[in-house]
Amino acid sequence: MAVHSAVPPGRSLPAHARDLVRMHEAVIGGGRPPVRPRPLVSRSWSRVLGLGLAADSMNERDSVPEAEVARRRHSSPLRHVIGDLRQVIGAMSDAGHMLLVVTDSDGVILWREGSSAVRRGADALGFAEGAEWTEARVGTNAIGTALAEAAPVELLAGEHFEQNQHPWYCTASPIHDPRTGELLGVIDVSGPALTLHPAVGALVETGRRLAESQLWHSHRRRLERLRRAGEPVLAAGPALLVDADGWVAHSAGVAVGERIAAPRPGQVLAVPGLGACLPEPFGDGWLVRPAGSARPVVLDLDLGRTPVLSLRAGETGWRRPVTRRHAEILVLLGKAGHQGLSAEALSRALHGDAEHLVTVRAEVSRLRRLLGGIVDSRPYRLAEDVRLTVHPGQ
């Protein structure tokens, strides 16, 4: 999803920045603003005001210790891409006026790069490694608002809630794990408000795409190592070799697509085309073999107050609660039949527009971690030998 510019087409950056500061003064003071806040900004200010934060002073910051920053860096998959992100930002001619910031999914700043002058200005705001840069802590800002809205955000001058952030612009985009849809963190580029360049949004989007692409390539390399290690074991088949998230590294005697449900110790898996399967630990992954003859997979979805999904394949199966969003997706896919739904169509059905593609893909990825090949992709649909029955509930 592209970053929407904070500056309207044809508007002068200095003039618009001044209008936004006046807008902030008027709205916070109960007056009539010269320009109306964008809907994104209005939603954020409403959330922040509801939290009781102050607009005319610096709200209390919260930071984690250096040791905790180091621990979070070490456990973050983004540690593998931070060097590439530095190169992307450094290639910009205006890099001396820019600050690159990468946070984790909690909004805690793990990495910060920029010139000493820009870093000093950021230090005065508490915008440093270890700081929690969420709406709840520092008001409306691109990082915290991107986390709250699950979308890219660019803010300029008076669109920030705290007045001491008005001399800044900030442009941020969430980064997701391309394998699981899990939110990994946020990439942000910030700098003095009057140095905002129209290309900054594209730069942040390029950084996000690069990070997710590099993570995907690393994932493919891990699958290849797992395939080479397990290929001799799978010679007899039918069997699968998958990683911890259910991505297929190698298959023998069966075609199940690129992913099955994530294996769990001691839990029988229902795999379309194979029926009930027994997962066995194998290196960094799992060896999945059928426990009997292939049987169709039957899903029963109960849409009660808490949706519950039951799965059966022959004599085995399971029953567990699912989120209401996942229940909605299953109902839509069931109605769509073999034709399935594109990401755009699913976005329109769930959100009323096609602007929530990142959110939709992340939700379906999480659903596929639970159900694996039961949900096909491109387009999204239920696998051929899957039967879904929906019970409306009360």
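The lining of the largest pocket comprises eleven nonpolar, six polar and ten charged residues, where Ala, Val, Leu, Ile, Met, Phe, Trp, Tyr, Cys and Pro count as nonpolar, Asp, Glu, Lys and Arg as charged, and the others, Gly among them, as polar. The model is predicted, with local features requiring pLDDT of at least 70 and side-chain atom pairs pLDDT 80 or more, whereas totals for chains, interfaces and linings use all residues. Residues are numbered from 1 along each chain as its sequence is written, and side-chain values use heavy atoms, with hydrogens and water left out.

A pocket is an open set of points on a 1 Å grid over the protein atoms alone, with protein on both sides within 12 Å along at least five of seven lines, a cavity is a set where a 1.4 Å probe fits but cannot get out, and lining residues have an atom within 4 Å of a point. The largest pocket holds about 840 Å³, a volume being the space filled by probe spheres set on points joined across faces, edges and corners. Of its 27 lining residues, P178, E212, R361, A362 and Y380 lie nearest the centre, and α11 contributes the most, with six residues.

The second largest pocket, of about 350 Å³, is lined by 16 residues, with H4, L40, R43, A151 and P152 closest to its centre.

Note on methods:
Helices (H or I, at least four residues) and strands (E, at least two) are DSSP runs, numbered from the N terminus.
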